[in-house]
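Trainee: Can we go through this structure together? I'd like to start with charged side chains.

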Amino acid sequence: MEEEESYDLIIVGAGPAGATSAIYGARYGLKVAFFESVDPISQLTLTPTIENFPGYEGNGFELIQKMKEQAERFGAIHKFENVNDIKRESGKFLIYSDNGVYSAKAVIIATGGKHKELGIPGEKEFVGRGVSYCATCDGNFFRGKKVLVIGGGNTAVEEAIYLKEIGCDVSLVHRRDELRADKAYQNELFKRDIPVIWNSIPIRIEGENVVEKVVLFNRVKEEEFKVDTSAVFIAVGITPATDIVRGLGVERDSMGYIIVNKKQETNVPGVFAAGDCCNNPLKQAITAAGDGAVAANSAFEYIKNLGQES
Ligand code: NAP
């Protein structure tokens, strides 16, 4: 069998947590590779406007690009390959990607999360024909048209604002009478007169070949009604992308988030986790970056101690 490419530290993920781990790991003098996947893609990449990352205002794609380039400048190797499995064998970790097998002394899981689905009729059928989970990716197709955004969190409000900015006739649909999004985002939403359809949940998406209508259910009036729309942007939260650690015996909570301590250590020595895939209380780019720095520091200490043991 061909010898696998070996590293001190392999980071699975290239969002703010993964890229920051790569910057710190490489600066500690470790041989580092960080892996970027398309599914799930970093949520930050898809964020149209960042206003709460200290020292930076702009879009998420640009910010993450800068972080990755910074990591590469310090010598971290960036690999655009999906990691499918991680195993522990003879004291090292084997990382199986689409393109090959790599080994590492320690790993940092920074896989973030995947968008949640509504699970209603029409959702799957109309993906790419009016149903989307990413306004930055697909909003352009609907300039000048009626669109709905589903959800009441930061992502949904951000997407609604973005769609309005690019010229869509956008309404937000939320299942309660109060948004979950931060006040600052809510203020921006209301400043732009973006209508909110309150207390309503989508129950069906309809159309001939493309999305034409969404059937909503008003939970207060307990009645169904239809809204004409060309697109439905679904932003109802994320689920952690942590299946990859199942085989390693890494502990996760009931929602699937990896359980870490203050050093971003998991219950498995040599396996660290950072960012939105962890059971941390705040899911933000800045906290993910902070987790990434801590995880890299812990991984560095772990690897240093391995050297002293041998
Ligand atoms: P989120 O905060 O979990 O919000 C999900 C929203 O979707 C909630 O309003 C929820 O309603 C609604 N929802 C959930 N399931 C639904 C269903 N089946 N049908 C209808 N509505 C449903 O998710 P998120 O907005 O994607 O944010 C994820 C995390 O990333 C959060 O921690 C957020 O703060 C963070 N984030 C931060 C920023 C930023 O600071 N720049 C930007 C984006 C995201 P309820 O409110 O009734 O539960």
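Mentor: First, a term. A salt bridge is a side-chain nitrogen of Lys or Arg within 4 Å of a carboxyl oxygen of Asp or Glu. Also note that this is a predicted model, where local features need pLDDT of at least 70, side-chain atom pairs count only at pLDDT 80 or more, and totals for chains, interfaces and linings use all residues. Residues are numbered from 1 along each chain as its sequence is written, and side-chain values use heavy atoms, with hydrogens and water left out.

Trainee: OK. How many salt bridges does a search of the whole structure find?

Mentor: The search finds 15 salt bridges.

Trainee: Which side chain does Arg246 meet in a salt bridge?

Mentor: Arg246 pairs with Asp243, at 3.3 Å from N to O. Asp243 also forms a salt bridge with Arg252, at 3.5 Å from N to O.

Trainee: Are Asp243 and Arg246 buried or exposed?

Mentor: Here are the cut-offs. Buried means under 20% relative accessible area, exposed means over 50%, and partly exposed is in between, with a 1.4 Å probe and protein chains only. Asp243 has a relative accessible area of 52%, so Asp243 is exposed. Arg246 is exposed too, because its relative accessible area is 55%.

Trainee: And how does Arg252 count?

Mentor: Arg252 counts as partly exposed, because its relative accessibility is 25%.

Trainee: What about Lys92? Which side chain does Lys92 meet in a salt bridge?

Mentor: Glu4, at 2.7 Å from N to O. This pair links distant parts of the chain, 88 residues apart. Lys92 is in strand β7 (residues 92-97), and Glu4 is in the segment before β1 (5-12). Strands are DSSP runs of E with at least two residues, helices are runs of H or I with at least four, and both are numbered from the N terminus.

Trainee: How do Lys92 and Glu4 count for accessibility?

Mentor: Lys92 is at 32% relative accessibility, so Lys92 counts as partly exposed. Glu4 has a relative accessible area of 17%, so Glu4 is buried.

Trainee: What does Ser103 touch around there?

Mentor: Both of those residues, Glu4 and Lys92, are on its list. Ser103 also touches Glu5, Ser6, Tyr7, Ile10, Phe93 and Leu94, not counting residues up to four places away in sequence. Contact means heavy atoms within 4.5 Å. Ser103 is found in strand β8 (residues 101-109). Ser103 counts as buried, because its relative accessibility is 5%.

Trainee: New topic. Which side chain of opposite charge is nearest to Glu158?

Mentor: Arg192, at 12 Å. Glu158 is buried yet has no salt bridge. Lys and Arg count as positive and Asp and Glu as negative, while His and the chain ends are not counted.

Trainee: Where is Glu158, and what does Glu158 touch?

Mentor: Glu158 is found in helix α4 (residues 154-165). Leaving out residues up to four places away in sequence, Glu158 touches Thr47, Pro48, Thr49 and Tyr185.

Trainee: Let's switch to Ala231. Where does Ala231 lie?

Mentor: In strand β17 (residues 231-234). Ala231 counts as buried, because its relative accessibility is 0%. Ala231 and Val147 are 84 residues apart in sequence, yet 4.8 Å apart in space, C-alpha to C-alpha.

Trainee: What else is Ala231 in contact with?

Mentor: Leaving aside neighbours within four places in sequence, the contacts include Gly130, Phe142 and Val211. Val211 turns up again with Arg129. Arg129 and Val211 are 82 residues apart in sequence and 6.4 Å apart in space, C-alpha to C-alpha. Arg129 is in contact with Asn209, Val210 and Val211, again leaving aside neighbours within four places in sequence. Arg129 lies in the loop between β9 (113-115) and β10 (131-132).

Trainee: One more thing: backbone angles. What is phi of Glu222?

Mentor: About 55 degrees, which is positive although Glu222 is not a glycine. Glu222 lies in the loop between β15 and β16. Glu222 is exposed, because its relative accessible area is 61%.

Trainee: And what is phi of Gln264?

Mentor: Near 60 degrees, also a positive value in a residue other than glycine. Gln264 lies in the loop between β18 (238-240) and β19 (271-273). Gln264 has a relative accessible area of 7%, so Gln264 is buried.
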